[in-house]
Amino acid sequence: MHPARLVLIWDILIIGTLYLLQGVLQGFGQSMPLYLASHKASWKQQGIFSLVSYPYSFKILWAPVLDSVYSRRFGRHQTWLVPTQFLIGVILFILGFYLDFLLKNSCVVELTIIFFFTCLLMSIQDIVVDGWAVSLFKNINPQWASTCQSIGQTLGAFIGSTVLLIFESSTFTNKFIRKPLSLPDQPHGLFSLQQFTLFWAVAFLIVGTLLLLMTLCNRRTNKIIDQVKEKEPEAKLTILQTYVDVWKLLKKRCMYKLILITTTFGIGFAATSSMTDLTLIKYGTTRDTLALISVPLIAIRIVTPVCLRKTRRPLVWFTRAYIPRLIAGLILTIYIFFTPQLLHTSAFCPGLILFLALHDTMVCLMTVSLFGFFAHVSEPRIGGTYMTLLATLHNLGNALSSTVVLYSAEWLPKPYAYSIEVGVCAILGLIWIASMWRMARGLGELSVTDWYLKPEKPDTPGTAKGISNVYIIDEDIFVSSSNL
């Protein structure tokens with residue numbers, strides 16, 4: 001196998017693993033409110049715990065620091081990744097011994113502080129890994145960055161939420177695993193919360209150690225790359241320069257249009273995204289059933305990014321999937337409307353899985369395409385900050401549309417609130433795609449350098465730049481310029 005292909009596979013494994021760990025913690029944090037509810041937490045306490053997600057809403061504030069403050073000798077990305085991995089591992093290891101106690105005694109404030117700090121560290125890792133992925137795959141195929149993120153975070157979130165909720169449950173384990181195997185019932189599942197937390201604590205520590213060892217073993221590589229970068233005085237920016245660059249990005253005409261598209265496209269799907277699970281629960285579907293239904297959907301969330309990994313026109317796929325997603329949402333809504341009549345029939349779950357699968361395919365197609373475009377246009381010089389800015393705007397638009405939908409649902413007849421909201425959102429979505437179709441296609445046709453603040457100079461033969469997947473061959477050493 002060609003050395004370049006081996007390095008690509010290695011890069012994919014590294015980035016995919018880091019996104020997987022990130023997804024596990026995200027899913028773990030999303031599962032905590034369910035455990036709090038089982039211990040009779042009040043709505044006020046649930047509201048307090050919801051504060052743990054705030055670091056992701058404001059990570060653009062410290063993204064420029066991560067892009068501009070680092071050790072060249074140690075590695076631009078490893079400077080932040082290695083200590084972050086170790087800190088998260090230590091926090092989870094300590095938490096593992098006290099989590100059950102904190103839950104049973106409703107120590108919500110303490111749990112909120114611990115998970116808030118963990119989420120803060122995860123937001124740092126998210127920024128750094130986004131930037132690293134942009135630089136690693138920029139010269140081969142930027143879509144790999146989005147593919148690794150989608151697959152890694154999807155698998156991680158699945159493990160941290162669905163797998164945890166199902167196999168930590170003594171009821172599920174006794175009924176579907178121990179009983180068929182003629183094993184005696186037990187008061188616990190296949191594993192406990194403590195065991196789950198300690199396992200992933202060790203996983204973070206192991207990955208952090210491997211990153212450290214690989215970095216230390218590549219001292220010579222780092223020196224070579226440092227010599228190259230010394231010829232590029234602007235390769236490393238100051239914090240102030242990075243914040244100024246963010247401001248300049250927001251003033252670009254193409255960025256205006258992308259911000260408009262990114263923050264408004266979700267209005268067509270806001271009701272389906274934010275109200276579907278709540279409506280199913282309202283109609284009598286249990287949390288365990290929803291968790292089990294999500295199992296077959298994991299395949300869609302993995303296969304779809306892989307299918308799009310080679311596309312060079314991500315915004316074309318983004319716009320093509322818009323109307324099919326609206327239609328899939330309407331079909332799902334009609335089926336859910338009849339849930340009270342179908343809930344206790346054998347056809348309910350297979351039908352729900354089918355329509356959720358259709359809907360999730362469109363969701364994945366649009367999400368992977370959009371984030372692939374983000375990776376495509378992000379300038380490697382400030383890759384982490386660039387990706388974080390675009391991702392933050394995307395998340396902000398979805399959050400605002402969901403808030404509006406949930407708030408307005410209070411004013412509608414309760415039995416029909418979900419159906420009415422989905423219908424109104426679908427009409428707004430049709431108006432949106434009719435208005436934004438040409439704009440989105442036009443942005444997709446722009447040159448990559450049109451999105452850069454400082455277009456890169458063309459490479460000259462024998463010159464290695466500080467962008468990944470451009471390789472330096474020194475004697476018998478095959479070196480990736482990613483500093484690993």
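Which residues make the nonpolar surface patch of about 830 Å²? They are Val90, Phe93, Ile94, Phe97, Tyr98, Val202, Ile206, Leu210 and Leu213. A patch here joins residues with over 30% relative accessible area and no salt bridge; nonpolar side chains (Val, Leu, Ile, Met, Phe, Trp, Tyr) are joined within 5 Å, and like charges within 9 Å. A salt bridge is a side-chain nitrogen of Lys or Arg within 4 Å of a carboxyl oxygen of Asp or Glu. Accessible areas come from the Shrake-Rupley method with a 1.4 Å probe, and for residues only the protein chains shown count as cover.

Before I go on, the background. This is a predicted model, where local features need pLDDT of at least 70, side-chain atom pairs count only at pLDDT 80 or more, and totals for chains, interfaces and linings use all residues. Residues are numbered from 1 along each chain as its sequence is written, and side-chain values use heavy atoms, with hydrogens and water left out.

Back to the patch. Helices α5 and α10 each supply at least two of its residues, and α10 gives the largest share, four. Helices are DSSP runs (H or I, at least four residues), numbered from the N terminus. Leu213 belongs to α10 and is partly exposed, at 45% relative accessibility. Partly exposed lies between buried, under 20% relative accessible area, and exposed, over 50%.

Next, the rings. There are 17 aromatic pairs in the whole structure. Rings of Phe, Tyr and Trp (its six-membered ring) pair if their centres lie within 6.5 Å; planes under 30 degrees apart are stacked, over 60 edge-to-face, and the rest tilted. Phe28 and Phe196 make a tilted pair, 5.6 Å centre to centre with 50° between the planes. That pair links distant parts of the chain, α1 and α10, 168 residues apart.

Phe93 and Phe97 are edge-to-face, because their planes stand at 75°, with centres 5.4 Å apart. Phe93 is partly exposed at 37%, as is Phe97 at 45%.

Last, a cluster: ring pairs link Phe28, Phe115, Phe191, Phe196, Phe199 and Trp200.

How values were computed. Buried < 20%, exposed > 50% of the residue type's maximum accessible area, 1.4 Å probe, protein only.
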